[in-house]
Amino acid sequence: MSKPSVGIFGLTGCAGDQLVILNCEDQLLDIAGALNIRDFLMASSDRDAGCDLDLALVEGAVLTKRDEAALKRIRRRSKLLMALGTCAVWGGVAAMDRDADRSKLLGEIYGDLGAGYDSVPARALREVVQVDLNITGCPIEKEQFLSAVANLLNGDPPLFPSYPVCAECKMRENNCLLIEKSELCCGPLTVAGCDARCPGLGVPCVGCRGPADDANVASALAMFQGKSVPREKIAAKLRTFAPMPGDRS
Ligand code: SF4
Ligand code: SF4
């Protein structure tokens with residue numbers, strides 16, 4: 001069987017998800033052996049920027065017209081497109097104030113030059129093109145990336161948790177920061193997959209992985225309210241990275 005041809009791309013973002021891939025040091029040779037990586041500019045300038053691909057992995061959000069054109073080009077080239085990281089899946093930090101007056105923001109930061117910048121309100125990839133698969137995380141978890149690659153090579157769809165971070169906290173037997181210390185922890189509404197990294201270190205979850213499909217939103221909001229945390233406060237915190245559950249599809 002021929003190896004699947006793969007491209008790995010970055011739009012506007014911090015490149016952290018591509019770095020996670022490059023940091024798979026123990027598995028990197030296996031990955032390079034199993035996949036025909038044709039276009040990965042961050043790893044090699046020796047690339048084929050025009051070939052057809054079986055799988056395109058794209059990190060970053062769409063923040064410029066140039067991003068939009070690049071993403072549409074990638075989509076045309078690839079059979080499957082996987083969004084990589086919270087920016088690509090949800091819009092990320094850059095989408096936090098995407099409804100704000102953009103020309104005013106650009107003027108405040110860049111003065112008269114602001115009007116000339118190629119800058120549009122941040123969008124997740126699926127708001128621009130069809131996306132087939134998502135790996136969320138800020139950045140993505142290496143284990144989820146590796147298991148997704150292994151699944152795809154076996155012809156299976158990757159499976160990720162849809163339950164909230166709190167479930168991982170329970171598995172780790174962490175003391176609950178929300179219940180025991182009344183700290184504003186976004187774990188009840190945030191999708192698991194990070195092994196409850198922050199609460200495991202005594203730090204409240206800030207929701208960097210985006211919303212959990214299986215979160216019991218009504219119950220979580222009632223719990224926050226019981227701790228005198230108004231809905232607006234938890235919503236503002238969650239919207240740093242992604243929409244509140246129910247904000248947008
Ligand atoms: S510490 Fe946070 S993530 Fe952990 S169980 Fe409590 S609310 Fe959930
Ligand atoms: S605990 Fe929350 S903030 Fe920390 S890595 Fe996991 S999802 Fe992100």
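**Strands, helices and a ligand shell**

Mentor: Start with the right-handed β-α-β unit made by strand 3, helix 3 (residues 65–77) and strand 4. The model is predicted: local features need pLDDT of at least 70, side-chain atom pairs count only at pLDDT 80 or more, and totals for chains, interfaces and linings use all residues. Residues are numbered from 1 along each chain as its sequence is written, with chains lettered from A and ligands numbered from 1 in the order in which they are written.

Trainee: Why is the unit called right-handed?

Mentor: Because, with the strands pointing away from the viewer, the path from the first strand over the helix to the second runs clockwise. Helices (H or I, at least four residues) and strands (E, at least two) are DSSP runs, numbered from the N terminus.

Trainee: How do you know that strand 3 and strand 4 (residues 78–84) pair?

Mentor: Pairing takes at least two bridges found by DSSP. These strands have six, in the parallel sense. Leu 57 stands opposite Met 82 there. Strand 1 (residues 5–10) also runs parallel to strand 3, with five bridges, and Gly 7 faces Ala 56.

Trainee: What makes strand 3 (residues 53–59) mostly covered?

Mentor: Six of its seven residues are buried, meaning 20 or more other C-beta atoms, placed from the backbone, lie within 10 Å of each one's own.

Trainee: Which helix supplies the largest share of the shell around ligand 1?

Mentor: Helix 7, with three residues. The shell divides into eleven nonpolar, two polar and no charged residues.

Definitions and conventions. Nonpolar A, V, L, I, M, F, W, Y, C, P; charged D, E, K, R; others polar. Buried ≥ 20, exposed ≤ 12 C-beta atoms within 10 Å, placed from the backbone.
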